[in-house]
Amino acid sequence: MSDDCIFCSIVAGEIPSRTVYEDDDVLAFLDANPLAPGHTLVIPKDHHEHVQDMPNDLAGDVFAVMHRLVEPIESAVDADGSTVAFNNGEVAGQEVPHTHGHVVPRFDDDGGRPIHSIFGSGPDLDDDELDDIAASIADDAED
């Protein structure tokens, strides 16, 4: 637990939440500042700032809860789909430094755009650059 983390305070029961799921390791609750009705946050109860800081088993548990909740969330608000995402780091839009996944219900007329629209035009990478990046990621993932 982190003394200055709002999500840790929610886990500790010091700040109320509209909890939709809880087990020993994971908590899910409605976002207090939702992007859409039913916008739900899924967090590990233990404090981990970034996705990669979580142990593998906990990361799997967090995603499993997100997977489990997508259909009930969409159904509760009669959504046409949902965006399921993590903002990982401040530069990526992470506002609370405690890992949290978003399930944001989407509607045909919501005016929202796909995740690709965040970036505008992509980089112009040639085949050698793509091969180098892929090899670097694959090598590091094996460690």
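Begin by selecting strand 3 and strand 5 in this predicted model, where you will find that the two strands pair in the antiparallel sense over three bridges. To look at one of these contacts in detail, pick Val42 and then move across to strand 5, where the bridge partner of Val42 is Gly101.

Now widen the selection to the whole sheet, which is open and is formed by five strands in the order 1-2-3-5-4, with antiparallel pairing. Strand 1 and strand 4 stand at the edges, and because each has a single partner strand, one side of each is left without a neighbour in the sheet. If you turn the view along the sheet, you can follow how neighbouring strands are turned by 15° against each other on average, direction ignored.

Next, select helix 2, residues 56-77, whose 22 residues should span 32 Å at 1.5 Å a residue, and whose end C-alpha atoms are 32 Å apart, which agrees with that expectation. Within helix 2, stop at Leu69, where there is a kink of about 35°, shortly before the proline Pro72.

Which residues of helix 2 are buried? Select Leu58, Val62, Val65, Met66, Leu69, Val70, Ile73 and Glu74, which are the buried ones. An α-helix has 3.6 residues a turn, so residues three or four places apart point the same way. Then show what covers the buried residues of helix 2, which includes strand 1 (19-22), strand 2 (26-30), strand 3 (40-44), strand 4 (81-86) and strand 5 (101-106).

Note on methods:
Residues are numbered from 1 along each chain as its sequence is written. This is a predicted model: local features need pLDDT of at least 70, side-chain atom pairs count only at pLDDT 80 or more; totals for chains, interfaces and linings use all residues. Side-chain values use heavy atoms; hydrogens and water are left out. Helices (H or I, at least four residues) and strands (E, at least two) are DSSP runs, numbered from the N terminus. The expected span of a helix is 1.5 Å times one less than its number of residues. The bend at a residue is the angle between axes fitted to the seven residues ending there and the seven starting there. Buried means under 20% relative accessible area, exposed over 50%, partly exposed in between (1.4 Å probe, protein chains only). Contact means heavy atoms within 4.5 Å. Two strands pair if DSSP finds at least two bridges between them. Axes are lines fitted to C-alpha atoms, for helices over the stretch in contact, and angles run from 0 to 180 degrees between N-to-C directions.
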